[in-house]
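Here is a short briefing on ring pairing and helix packing. Keep the structure open as you read.

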Amino acid sequence: MRTHLTDRVRNLGILAHVDAGKTTVTERFLFLTGATHKRGEVHDGTTVTDFDPQERDRGITIFAAAVSCDWAGHRINLIDTPGHVDFSDEVERSLRVLDGAVAVFDAVAGVEPQSETVWRQADRHGVPRLAFVNKMDRAGAELDAAVESIRTRLGAVPLPVQLPIGREDGFTGVVDLVRMRAYVWPEGTGTYTERPVPDELRDEARHRRRHLEETVAELHPGALEEFCADGALSAGTLTDALRDLTLSGEAVVVLCGSAYRDRGIEPLLDAVVAYLPAPSDMPPVRGEVAADPEAPFTALAFKVSATATGRMTYVRVYAGTIGKGDTVLDAVTGRTERIARILRVQADRATEVDEARAGDIVAVVGPKAARAGSTLCDPSAPVVLEPPATADPVVSVAVEARRGTDTGRLATALARMSEEDPSLVVRSDPETGQTVLSGLGELHLEVAVEKLRRDRGLEVTVGRPQVAYRETVAKGVTGLLYRHVKQDGGAGQFAHVVVDVEPAAGGEEFVFVSTVTGGRVPQEYVRAVEAGCRDALVEGPLGGHPVTGVRVTLTDGATHPKDSSEMAFRAAGRFALREALRASAMTLLEPVADVTVTVPAESVGSVLGDLAARRGRVTDSTTRSGTAVVAATVPLAELFGYASRLRGRTQGRGTFTTRPAGYAPAP
């Protein structure tokens, strides 16, 4: 197999809500493709991709793991991503380097809050997707209900290409509506047999195939032409149209199965090859780099991992070829780095290879300063690729070493961890002198602290979690005049500005406009005033928190022929906005989260009362089959310790999920 041909490569991620079964899907991929010789199970702690001790202890994916396998003459580079909202930044970095994705949904729950979040992330990156409705063998599993939730909650156009054979515990296989054949997995065999469509499902299969053809013809001009001419679509035309609609994002092919019981995985692998894009199908990445193995080398680092054997940098090669011993440029730092080793990674194991080509996802050993988001490229053809976005942290804890002699080791360990995970931010509190670790949630910080203890052997004490507050303008001021004049020998500083400050519309964080006319403030000084205003947003007047939601208008100003400079106008902008904010009516904002609580119906009253006590605002409540699902918006500060409280109120039967919902005024 010539794996270097980019049209024979599929780079995909497995996306889902926590517990939808994406790690089990990944394990079945690896087993069926021969990459592993034993099925790994999440509940046994034997999975390949969840190899970190914390992942096995908690039974969840925390760190994105890369694996490779071969299927039908294609190389599949696969990244199993976390499903918990606290690790959504890991998903963001993975999506930045992937060409396609398989979104896994629970056949009973349908679209859940975190699956909606990762779907939106994939939308932002323009990643084509397939949908796999998993756990079809569970009581209450319903393919049509799951498909409808994809339509209504995600705003997608789902195209189911399979019909389940049997319900719940009697689920044994699927009817392929494209080829009109049945695939059945007899109990205990682990392999499927291909058969004609069962008699009792023939009418239903024909009806669904007809509906699929009509929907595809409405969306695809080529398919419409054949449908109008022949009154039907051939399997070949339907397959080509489904691929085109998947690549354009106009529709989503939906398959179903039960990964745990090995049913439906082979057709899903076939669909990955048939419908998801090769690197050569994707438009050039920003920076105008096309997937050409002969072009100058260009790669994006999306993950850094410190291992016992050295520092590994995971890269997606977008163009060109890299070999062992080659020298590359880190376009972000300007350093040249030597590639000592190239590794094809299988989670925690790796195989050394001599080269990597356009379309490959590999780990390289050698770069010392590359971080997630760095561009590695040919020194003779420098280019900077757009890095993945990093979310702002919302929760902080103070961390200190129990033994004073470990303070230096703790600082080094925290610096390494923030290199590996850019969503972890380390800073020193100027008032208390404490080291503060900030992240995306309580679990995110728990995992980081446990990593310090396990991997670094550090005994640390941790303070109570604190949320990241913001400040905003409720009512601004107009015509605030600030004169910045300094004369201390030599060239002086002179800048005169007049600003209006008001709340920003439409959820904008910061808007700056200038209405100065007649050249009273030259354009380069206007830019300096804007930079100074941005400097002032770092600390607000209420409690030194960052300021957001502000619109600043520069309405007038004056210059001095000798003493005016960009530095003087930047200082004037900073001090003017500080004074304006102190004169404005300010509001303190706190982070809030959308919470979905699932509890037995008899516990719903107690749970509603507890949410109200936590300043929660209930937005929806439904009951189905003895189970209540309550949706609410709750301040993040009130959710610390909520998991144990919920378990206590529901005899351990209640569960909840959260996702960030922005900021709201604090009382």
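Seven aromatic pairs turn up in a search of the whole structure, which is a predicted model. One of them is the pair of Y525 and F569. A separate topic is how helix 6 packs with helix 8.

**Aromatic pair Y525 and F569**
- The rings of Y525 and F569 are stacked.
- Their centres lie 4.7 Å apart, with 15° between the planes. Planes under 30 degrees apart count as stacked, so this pair qualifies.
- The pair links distant parts of the chain, 44 residues apart.
- Y525 sits in helix 12 (residues 523-536), and F569 sits in helix 13 (residues 566-583).
- Y525 is buried, with a relative accessible area of 14%.
- F569 is buried too, at 0% relative accessible area.

**Aromatic cluster**
- Y183, W185 and Y192 make up one aromatic cluster.

**Helix 6 against helix 8**
- Helix 6 covers residues 202-219, and helix 8 covers residues 235-248.
- The two pack at an angle of about 55°, with their axes 10 Å apart.
- Helix 6 and helix 8 are therefore oblique to each other.
- The crossing of helix 6 past helix 8 is left-handed.
- From helix 6, the contact uses R209, L212, V216 and L219.
- From helix 8, the partners are A235, L238, A241, L242 and L245.
- By residue class, this contact holds eight nonpolar residues, no polar ones and one charged.

Terms used: Residues are numbered from 1 along each chain as its sequence is written. This is a predicted model: local features need pLDDT of at least 70, side-chain atom pairs count only at pLDDT 80 or more; totals for chains, interfaces and linings use all residues. Side-chain values use heavy atoms; hydrogens and water are left out. Axes are lines fitted to C-alpha atoms, for helices over the stretch in contact, and angles run from 0 to 180 degrees between N-to-C directions. Helices (H or I, at least four residues) and strands (E, at least two) are DSSP runs, numbered from the N terminus. Angles under 35 degrees count as roughly parallel, over 145 as roughly antiparallel, 65 to 115 as roughly perpendicular and the rest as oblique. A crossing is left-handed if the near helix is turned anticlockwise from the far one by less than a right angle, and right-handed if clockwise. Contact means heavy atoms within 4.5 Å. Ala, Val, Leu, Ile, Met, Phe, Trp, Tyr, Cys and Pro count as nonpolar, Asp, Glu, Lys and Arg as charged, and the others, Gly among them, as polar. Rings of Phe, Tyr and Trp (its six-membered ring) pair if their centres lie within 6.5 Å; planes under 30 degrees apart count as stacked, over 60 as edge-to-face and the rest as tilted. Buried means under 20% relative accessible area, exposed over 50%, partly exposed in between (1.4 Å probe, protein chains only).
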